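Good morning, everyone, and thank you for making the time. Please take a moment with the sequence and the model before I walk you through them.

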Amino acid sequence: APRNDLDPDFAALLRCPLCADRPPLTLDPETGELLCPCPRRRRFPVVDGIPDLRPDDQQAPAPPARHE
């Protein structure tokens, strides 16, 4: 499973910033992304424990993979 370090209590407070009714987001355990339940199925990445809730066209590019 992807490592995202998002606090579950904090995640429970998050809502979709793009939908008018602001539905709650859920964490996808397989991808580590936050998912909106709307018909558009919006996805928001979580990077180093910080959710990126900007629209797709404004999100930062994915950081390069770390080799440990």
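**A network of salt bridges**

Let me begin with Asp28, Glu33 and Arg43, which are linked in a network of salt bridges, where a salt bridge is a side-chain nitrogen of Lys or Arg within 4 Å of a carboxyl oxygen of Asp or Glu. Before the details, please note that this is a predicted model, in which local features need pLDDT of at least 70 and side-chain atom pairs count only at pLDDT 80 or more, while totals for chains, interfaces and linings use all residues. Residues are numbered from 1 along each chain as its sequence is written, and side-chain values use heavy atoms, with hydrogens and water left out.

As for confidence, pLDDT is the predictor's confidence in each residue, from 0 to 100, and the chain averages 82, with 75% of the residues scoring at least 70. Where pLDDT is low, the predicted coordinates should not be read in detail.

Now to the sheet, for which strands (E, at least two residues) are DSSP runs, numbered from the N terminus, and two strands pair if DSSP finds at least two bridges between them. The model has an open sheet of three strands in the order β1-β2-β3, with antiparallel pairing. Its edge strands are β1 (26-27) and β3 (43-44), each of which pairs on one side only. Between β1 and strand β2 (residues 34-35) the antiparallel pairing runs over two bridges, and Leu27 has Leu34 in β2 as its bridge partner.

How does this relate to the network? Arg43 forms a salt bridge with Asp28, with the closest N and O atoms 3.3 Å apart. This pair links distant parts of the chain, since Arg43 is in strand β3 and Asp28 is in the loop between β1 and β2, 15 residues apart. Glu33 also forms a salt bridge with Arg43, and there the closest N and O atoms are 2.7 Å apart. Glu33 lies in the loop between β1 and β2 and Arg43 in strand β3, so this pair ties together parts that are ten residues apart in sequence.

Is Asp28 buried or exposed? With buried meaning under 20% relative accessible area, exposed over 50%, and partly exposed in between (1.4 Å probe, protein chains only), Asp28 counts as buried because its relative accessibility is 14%, whereas Arg43, at 34%, counts as partly exposed.

Finally, Asp52, in the segment after β5 (50-51), forms a salt bridge with Arg54, the closest N and O atoms being 2.9 Å apart. Asp52 is buried at 12% relative accessibility, while Arg54 is partly exposed at 36%.

How values were computed. Helix = DSSP H or I, 4+ residues; strand = E, 2+ residues; numbered from the N terminus.
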